[in-house]
Amino acid sequence: MPETLVAVKTLDPRDADKEIDILTTLRELLSDKNIQIYTCITIIKDRDRIHSLSLRATRHLGEKLQVLQRYRPQEFDRSRFVAAMQQMKGIVGAVEFLHNQEWNGPNTCFCHMDIKPENILIFEDAPGHMEEHWQLIDFGITTISDKKFITRTAGGGRDESRGPHITRTVGTKARLLRSRYQPPEINNNIEKMDEGKSGTYMGRGSDEWSFACVFSEVIAANLGNLNDLQDSVQPEFYEGKQTIFCFAGYSKPQYQRHNAFKHWLRDLGMRGQSNPALMECHDLIEKMTHIKRIRRLKSRQVLERMNASSTFGERH
């Protein structure tokens, strides 16, 4: 029989309760489902440590993107691009699964909170083989969120008793919410957490922003301009703009897409005029990176649009 390679992750019991609960729950829920989420085989407990055993991946997406960039394609390889898009659709399916599971009671869901290339593992049938399977990992700061119902009154005010829901995050450690793929609302969240208050500014729309940033890098790697995107869009995919003053003694910081990211997105739209697949990607990214979280496409909407598109094809 061929050997099965496994990866071992050692957890500190003092910080691991929530992650263990989520891994255990996911393992049970996904036992009969084809969802691209990386779960553990088993959890082993000893006296002062907890170990999670999982199948060992070939590499993570960040490493694959760097390889693609190192051997920069001279021409657009549609077959490789479509294969990557199919896998990204699978990751959207994983996010949508998290966002719409009421695991913690009615009107709750999970938000991943740390979508980045390093948290997407790649499994290959054989080294260098074109067939790949990508899976979303790392639920260490996944957050239970409460759905908060809001709508608008006739006068334009907020009526929070009914209407479409947004999410309110609870329990995430501010020190862990740091990566270039995090959304602009993270700043308000960390500020409140530093003051000892509950975070109320991040939710499922925050995952959509992070996914869109990773999606952009996957596209850039296939187009041969990943280094340009990463070098110019620093430190995050957004930047501050002029602060507005709401009333005496109080100011509110304003954010916008990073200028270099806006230029890259504009160029992608230009290329999309002769390549419908790229135009579809441009439109998705633009709608997932709205500065206001509540106006971003939801994971279910993204998945529906990908399912309706020939660009993203059938998931393997």
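Biologist: Where is the place of N119?
Modeller: In this predicted model, N119 sits in the loop between strand 5 (108-111) and strand 6.

Biologist: Is N119 buried or exposed?
Modeller: N119 has a relative accessible area of 4%. The cut-off for buried is under 20%, so N119 counts as buried.

Biologist: Which residues is N119 in contact with, leaving aside neighbours within four places in sequence?
Modeller: The contacts of N119, with those neighbours left aside, are H112, D114, Q135, L136, I137 and D138.

Biologist: Moving on to strand 6 (residues 120-124), how many bridges join it to strand 7?
Modeller: Strand 6 is joined to strand 7 by five bridges, and the two strands run antiparallel. Within strand 7, E132 is the residue that E124 stands opposite.

Biologist: Why is strand 7 described as largely enclosed?
Modeller: Strand 7 covers residues 132-136, and four of its five residues are buried, so the rest of the structure largely encloses it.

Biologist: In what order do the strands of that open sheet come?
Modeller: The order is 4-6-7, three strands with antiparallel pairing. Strand 4 and strand 6 run antiparallel and are joined by two bridges. H60 stands opposite L121 in strand 6.

Biologist: Which strands does helix 3 touch as it packs on the sheet?
Modeller: Helix 3 (residues 78-99) touches strand 6 and strand 7, and its direction makes about 25° with that of strand 7.

Biologist: Let us turn to helix packing. At roughly what angle do the axes of helix 2 and helix 5 cross?
Modeller: The axes of helix 2 (residues 61-70) and helix 5 (residues 204-223) cross at roughly 25° and come within 8 Å. The two helices are therefore roughly parallel to each other. The crossing is left-handed.

Biologist: Which residues make the contact between them?
Modeller: Helix 2 contributes L61, L65, L68 and Q69, while helix 5 contributes V214, E217, V218, A220, A221 and N222. These residues divide into seven nonpolar, two polar and one charged.

Biologist: Staying in helix 5, is S210 buried or exposed?
Modeller: S210, which is found in helix 5, is buried, with a relative accessible area of 1%. Its contacts, leaving aside neighbours within four places in sequence, are I115, Y181, Q182 and P183.

Biologist: What about helix 7 and helix 8: within what distance do their axes come?
Modeller: The axes of helix 7 (residues 259-272) and helix 8 (residues 276-288) come within 7 Å and cross at roughly 145°. This crossing is left-handed. On the helix 7 side, the contact is made by F261, W264, L265, L268, G269, R271 and G272. On the helix 8 side, the residues are P276, L278, M279, C281, H282, I285 and E286. The contact comprises nine nonpolar, three polar and two charged residues.

Biologist: Is E286 buried, partly exposed or exposed?
Modeller: E286, in helix 8, is partly exposed, with a relative accessible area of 33%. Not counting residues up to four places away in sequence, E286 touches R257 and L265.

Biologist: Finally, the whole chain. How many helices and strands are there?
Modeller: The protein chain has nine helices and 13 strands. Of its 316 residues, 47% count as buried. Among contacts with a separation of 6 or more, 66% are between residues 24 or more positions apart.

Note on methods:
Residues are numbered from 1 along each chain as its sequence is written. This is a predicted model: local features need pLDDT of at least 70, side-chain atom pairs count only at pLDDT 80 or more; totals for chains, interfaces and linings use all residues. Side-chain values use heavy atoms; hydrogens and water are left out. Axes are lines fitted to C-alpha atoms, for helices over the stretch in contact, and angles run from 0 to 180 degrees between N-to-C directions. Angles under 35 degrees count as roughly parallel, over 145 as roughly antiparallel, 65 to 115 as roughly perpendicular and the rest as oblique. A crossing is left-handed if the near helix is turned anticlockwise from the far one by less than a right angle, and right-handed if clockwise. Contact means heavy atoms within 4.5 Å. Ala, Val, Leu, Ile, Met, Phe, Trp, Tyr, Cys and Pro count as nonpolar, Asp, Glu, Lys and Arg as charged, and the others, Gly among them, as polar. Buried means under 20% relative accessible area, exposed over 50%, partly exposed in between (1.4 Å probe, protein chains only). Two strands pair if DSSP finds at least two bridges between them.
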